[in-house]
Amino acid sequence: MAQSHLGQLCCLSLDQLGQNYRRYRLPDPQAETDLVASLSRYGQLTPVVVCLREETHQILDGFKRHAAATTLGWKALGARLYEADERAAKAAIYGLNQTGRHTQEWEDAWIVHALVRDDGLTQVEVAELLGRHKSWVCRRLALVEKLAGAAREDLRLGLLSATAARSLVRLPAGNQTELLATFHRDELTAAELAGVVELLGVTSGRSQQEYILAQPRQALQQARHAGGWSWDPRLSRAGNRLSRQLGQLLDSLARMESWLRHPGRADLSAVDRRLLAGAFTRLARDAHSVAVLAEDLNGEWAPHERSDAQ
């Protein structure tokens, strides 16, 4: 967002600042806590950006600053006025957050959904307004419209993580609502939720689905055993030990591949990323080494298999 589009700096009381556009941003309690410390130590370094709606200055950028200032008991914040209609205001929420902590995929999706469904723009017009490709707009619109209403509200309130919501959209809306109830009742992790989604995706019988929803952790444990963790009488003791290790490794790799394909990295803090970077470097190196050795082993075994078959 070009600085020339913004008005002069002014001081507005917290009571004058509305948060109608807060619904397009995901809750981030940790970031708000960090900002309390920053404001307390350094003061306000960046003004909030507002637009005027029905005589109320609605925040476009600076929701965490407003929350932190409220916690500190401040009475006012520095602000800049951005003159914009409803469409341009939503675009500004996206544009003003392309530096620092970018908007997350779900936040982008809500903005796209509002521009298309509430403001009547075509997907091509939204793409032009936000400076993105039409396919980018299409994917984010689908993301919101595939998510059941209850799950969408939980995501807004911070009761459902973006990673968990990404797993849920793989199910029909009715199944999402059922699984959401199970997720909250049993306090499942995002990884456990993803596993239950996998089970429901390959289960057609209603009685089986009801069992999975009633006993999700037990169903996941049984599925792991069914995937090769149990004793195989055809294998030797050494073969069974190796089979168990392979099952555990393949299960872990599948979860990591899912995480990398549908990143949960937005949930990680800067400290998390710094501390985990070395582990991912080792993962890339070791995974490549194991892949090469596994291919070599298969190459060694192939002639013996042909010989045994003859």
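A crossing of two helices is right-handed if the near helix is turned clockwise from the far one by less than a right angle. I start from that term, working on a predicted model.

**Entry 1: confidence.** I looked up the pLDDT. The protein averages 85, and 88% of the residues score at least 70. Strand β2 (residues 17–18) has the highest confidence, at 95. Helix α12 (residues 216–229) has the lowest, at a mean of 72.

**Entry 2: two helices.** I turned to helix α1 (residues 29–42) and helix α2 (residues 63–72). Their axes come within 8 Å and cross at roughly 65 degrees. The crossing of α1 and α2 is right-handed. I then listed the contacts. On the α1 side I noted Ala 31, Glu 32, Leu 35, Val 36, Leu 39 and Ser 40. They meet Lys 64, Arg 65, Ala 67, Ala 68, Ala 69, Thr 71 and Leu 72 in α2.

**Entry 3: strand β3.** I followed β3 (residues 48–53) to its partners. Strand β5 (residues 76–82) runs parallel to β3, and 3 bridges join them. Here Val 48 stands opposite Ala 79. Strand β4 (residues 56–61) runs antiparallel to β3, with 5 bridges between them. Val 50 has Ile 59 in β4 as its bridge partner. I also checked the turn. β3 and β4 form a hairpin with 2 residues between them. Glu 54, in that turn, has a positive phi of about 50 degrees.

**Entry 4: rings.** I searched the whole structure for aromatic pairs and found 2. I also looked for a charge over a ring. The charged end of Arg 156 sits over the ring of Trp 110, 4.4 Å from its centre.

Methods
Residues numbered from 1 in each chain as written. Predicted model: local features only at pLDDT ≥ 70, side-chain atom pairs only at ≥ 80, totals over all residues. Heavy atoms only, no water. Pairing = 2+ DSSP bridges. Helix = DSSP H or I, 4+ residues; strand = E, 2+ residues; numbered from the N terminus. Phe/Tyr/Trp six-rings, centres within 6.5 Å; stacked < 30°, edge-to-face > 60°. Lys NZ or Arg CZ within 6 Å of the ring centre and 35° of its normal. pLDDT = per-residue confidence, 0-100. Axes fitted to C-alpha atoms, helices over the stretch in contact; angles between N-to-C directions. Contact = heavy atoms within 4.5 Å.
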